[in-house]
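Biologist: I am new to this structure and would like to learn how to read it step by step. Could we begin with a helix and what lies around it?

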Amino acid sequence: MKYFIVTLLLLFNACSIKNYEHTETKIVTIKTPKIKFSDIGYLRHTENALELELFIAGHVFKKIAINHLICVSDEGCMSKSGFNAAYLNENYPPDLLQNILLGHKIYNGKNLTKSSFGFTQYIHTENVNIKYIVKPKEVYFKDRDNHILFRIKDTE
């Protein structure tokens, strides 16, 4: 019984309210088999936690919180690989969503080309065909094979 209680506390703590150090307003476009969204979002993060809150017409559409688990407002918490299997693609690395939202390299920097404006990565395997571009005010991720798109732009 005490193991059950400890497990519940860990799960609820994973989805608990955090005090985020950075909050940015973004224009977010997400097209996945399970999420279709294009409007304003708030990206909040600390060193250990990240939250993307998506709004449509001033109302919260979906909230995605990432720390050691990924918690989705209407579905609860799951592992990062479980989130990928349910929302994106099971072949993606566990930290892919977090890296996209923060504009970090993906796939351990595979095929990374730096430029004066940021960097690009083209990753093509039998399971993915990814074009990933990071600029100072925009992050663009497209997987043609799996019909997944993330575009995150500053609101300025």
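Modeller: In this predicted model, the buried residues of α2 pack against β4 (59–66), β5 (70–72), β6 (76–78) and α3 (96–102), where contact means heavy atoms within 4.5 Å, and buried means under 20% relative accessible area with a 1.4 Å probe, protein chains only. Helices (H or I, at least four residues) and strands (E, at least two) are DSSP runs, numbered from the N terminus.

Biologist: Which residues of helix α2 are buried, and why are they on the same side?

Modeller: An α-helix has 3.6 residues a turn, so residues three or four places apart point the same way. In α2, which spans residues 80–87, the buried ones are Lys80, Phe83, Asn84 and Tyr87. They cover an arc of only 100° around the axis, which puts them on the same side of α2; the arc is that of the directions from the helix axis to the C-beta atoms.

Biologist: How do strands β3 and β4 pair?

Modeller: Two strands pair if DSSP finds at least two bridges between them. Strand β3 (residues 50–56) runs antiparallel to β4, with seven bridges, and Leu54 stands opposite Lys62 in β4. The two strands form a hairpin with two residues between them, and Ala57 in the turn has a positive phi of about 50°.

Methods
Residues numbered from 1 in each chain as written. Predicted model: local features only at pLDDT ≥ 70, side-chain atom pairs only at ≥ 80, totals over all residues. Heavy atoms only, no water. Buried < 20%, exposed > 50% of the residue type's maximum accessible area, 1.4 Å probe, protein only.
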